[in-house]
Amino acid sequence: MNDSQQLCFGTSIFSSFLHSEPKPAFINQEQVQKEVNAVLTESATLCCEVAQDATEVKWFKDGKLLITSRKFKIESVSKTRRLIIGQLEKKDAGEYICEAAGQKLSFKVELTGDNS
């Protein structure tokens, strides 16, 4: 076996290792409240739990990345990840996605009450 064959063989093993089944990024998914009914002008909290304390998550609304602002507060405590949506408006209803390690968890926010 020459050097190029050994290199190719080694790459194949490494490639197979990289393509093994991914470990779940989220845990206790069955306990997550995925449908949230909230009241206009109040706040709503979306919450999930990740498998590793150091796991970073990203929150999205309608495909748009959310960042901490006066409207959105993103918290990370131990394995718990939260998105707090303040002063709910009609436009805040819809689907939110929490993404971690390429895996996604979907939440649906529905609003009740009409203060217009």
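**Rings and charges**

Modeller: To start with, there is 1 aromatic pair in the structure. Keep in mind that this is a predicted model.

Biologist: Which residues form the aromatic pair?

Modeller: W59 and F107. The two rings are tilted, with 40° between the planes and 5.6 Å centre to centre.

Biologist: And where do W59 and F107 sit in the chain?

Modeller: W59 is in strand β4 (residues 58-61) and F107 in strand β9 (residues 103-112). They are 48 residues apart, so the pair links distant parts of the chain.

Biologist: Is W59 buried or exposed?

Modeller: W59 is buried, because its relative accessible area is 0%. F107 has 1%, so F107 is buried too.

Biologist: OK, switching to charges. What lies over the face of Y96?

Modeller: That's K61, at 5.5 Å from the ring centre.

Biologist: Now D92. Where is D92 found?

Modeller: In the loop between β7 (80-85) and β8 (94-100).

Biologist: Buried or exposed, D92?

Modeller: Buried: the relative accessibility of D92 is 4%, and the cut-off for buried is under 20%, so D92 counts as buried.

Biologist: Which side chain does D92 have a polar contact with?

Modeller: The side chain of K71, at 2.5 Å.

Biologist: What else is D92 in contact with, leaving aside neighbours within four places in sequence?

Modeller: Besides K71, D92 is in contact with K61, I85, Q87 and V109. K61 is also the residue over the face of Y96.

How values were computed
Residues are numbered from 1 along each chain as its sequence is written. This is a predicted model: local features need pLDDT of at least 70, side-chain atom pairs count only at pLDDT 80 or more; totals for chains, interfaces and linings use all residues. Side-chain values use heavy atoms; hydrogens and water are left out. Helices (H or I, at least four residues) and strands (E, at least two) are DSSP runs, numbered from the N terminus. Buried means under 20% relative accessible area, exposed over 50%, partly exposed in between (1.4 Å probe, protein chains only). A polar contact is a pair of N or O atoms within 3.5 Å; within protein, one must be able to donate a hydrogen and the other to accept it, and residues adjacent in sequence count only if both atoms are side-chain atoms. Contact means heavy atoms within 4.5 Å. Rings of Phe, Tyr and Trp (its six-membered ring) pair if their centres lie within 6.5 Å; planes under 30 degrees apart count as stacked, over 60 as edge-to-face and the rest as tilted. A charge sits over a ring if NZ of Lys or CZ of Arg is within 6 Å of the ring centre and within 35 degrees of the ring normal.
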